[in-house]
Amino acid sequence: MYPSDIFSRMYADEKDTKLYPKKEEAPSGVDDILQTNLFNVMLNRRSQRKFEDREIEDWKLEMIFAAADTAPTAGGFQGFEIYHVKNPDVKLKLIQAANNQPYVNAPVVLVFCMNPSRIKMNFPHHIIKKFSVQDATLAAAYAQLAAHALGLTSVWIGMIDEQKAMQALVTDFVPGCILCLGYSQKMLHPKPKRKLTDLIHEI
Ligand SMILES: Cc1cc2nc3c(=O)[nH]c(=O)nc-3n(C[C@H](O)[C@H](O)[C@H](O)COP(=O)(O)O)c2cc1C
């Protein structure tokens, strides 16, 4: 398996898409561009709130979407939706929805929402709702790692006024988080963590 194998998911059955490049426009040499050691990507990821004023290539974005869609979901029902916010006015509304955090005006803004109605399982509503929260969260986490593998940087926004964000997106889906993506203005070192021995509780 090569990283570019994910192209088969990106372009399958979407020959007429206007949004993203056609298969024949897929970049060559992508396997050389990507950081593909998963553990290095995880270790070196660091939240960044200052982005270069530079667009993210469509093919990178499409790869991030395809990566998000590889995440496990409850029952395989994909109980989440991704809003790719391009409209500058909507971005400004999302800043307000996110407690006025200015970096929500990032080059790429993705809102991961819960869609419990997709999860056709015979469990109580609160369980289905919880599944959809986890579906959206996992998809965002996969997208965040993929972004870093592609040389991008990100910040996860969890401080969201749900109602304001839903009004901004004009949706009934409740947002779980906003992922802000872009090229980093400067490299930051990963943050220190507590000792693994303090984190792991053997019982
Ligand atoms: C659930 C969650 C909510 C977060 N909410 C925000 C937020 O609203 N604003 C923000 O600037 N960062 C937010 N972050 C990013 C964290 O501040 C950041 O991940 C943390 O400081 C660790 O730094 P690192 O990502 O560089 O390892 C959030 C992260 C998570 C996982």
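A residue is called buried here if 20 or more other C-beta atoms lie within 10 Å of its own, exposed if 12 or fewer do, and partly exposed in between, with C-beta atoms placed from the backbone. The model is predicted, and for that reason local features are given at a pLDDT of at least 70 and side-chain atom pairs at 80 or more, while totals for chains, interfaces and linings use all residues. Residue numbers start from 1 along each chain as its sequence is written.

We begin with the sheet. Helices (H or I, at least four residues) and strands (E, at least two) are DSSP runs, numbered from the N terminus, and two strands are taken to pair if DSSP finds at least two bridges between them. Four strands form an open sheet in the order S1-S2-S4-S3, with antiparallel pairing. Its edges are strand S1 (80-85) and strand S3 (153-157), each of which pairs on one side only. On average, neighbouring strands are turned by 20° against each other, direction ignored; axes here are lines fitted to C-alpha atoms, for helices over the stretch in contact, and angles between N-to-C directions run from 0 to 180 degrees.

Moving across the sheet, S1 and S2 run antiparallel and are joined by six bridges, with Val85 opposite Val109 in S2. Between S2 and S4 there are seven bridges, again in an antiparallel arrangement, and here Val108 stands opposite Leu181 in S4. S3 is linked to strand S4 (residues 174-182) by five bridges, also antiparallel; Trp156 faces Leu179 of S4.

Two helices accompany these strands. Helix H6 (residues 125-149) lies across S1, strand S2 (108-114), S3 and S4, and runs at about 5° to S4. Helix H7 (residues 162-169) packs on the sheet as well, touching S1, S2 and S4, and its direction makes about 70° with that of S4.

How much of S2 is buried? Seven of its seven residues are, so the strand is largely enclosed by the rest of the structure. Val108, Leu110, Phe112 and Met114 point one way from S2, whereas Val109, Val111 and Cys113 point the other way. S3 is mostly covered, with four of its five residues buried. Helix H4 is mostly covered too, with eight of its 11 residues buried, among them Leu61, Ile64 and Phe65 as well as Lys60 and Glu62.

The interior can also be described as a nonpolar core, meaning a set of buried Ala, Val, Leu, Ile, Met, Phe, Trp, Tyr and Cys residues joined through C-beta atoms within 7 Å. The largest such core has 45 residues, and those with the most contacts inside it are Ile64, Phe112, Ala143 and Ile178. At least two residues each come from helix H4 (58-68), S1, helix H5 (88-97), S2, H6, S3, H7 and S4. Phe112 deserves a look of its own. Contact means that the C-beta atoms of two residues, placed from the backbone, lie within 7 Å. Beyond its neighbours within four places in sequence, Phe112 is in contact with Phe80, Ile82, Ala136, Ala139, Ala140, Pro175, Gly176, Cys177 and Leu179.

Next comes the ligand. Its surroundings consist of Arg46, Ser47, Arg49, Gln101, Val155, Trp156, Ile157, Gly158, Met159 and Lys191, where a residue is near a molecule if its C-beta atom, placed from the backbone, lies within 6 Å of it. This shell divides into four nonpolar, three polar and three charged residues. In that division Ala, Val, Leu, Ile, Met, Phe, Trp, Tyr, Cys and Pro count as nonpolar, Asp, Glu, Lys and Arg as charged, and the others, Gly among them, as polar.

Gln78, in the loop between H4 and S1, has a positive phi of about 50° although it is not a glycine. Gln78 counts as partly exposed because it has 16 C-beta neighbours inside 10 Å. Val170 lies in the loop between H7 and S4 and likewise is not a glycine, yet has a positive phi of about 55°. Val170 counts as exposed because it has 8 C-beta neighbours inside 10 Å. Lys193 is placed in the loop between S4 and helix H8 (196-199), and with 8 C-beta neighbours inside 10 Å, Lys193 counts as exposed. Lys193 and Glu81 are 112 residues apart in sequence and 31 Å apart in space, C-alpha to C-alpha.
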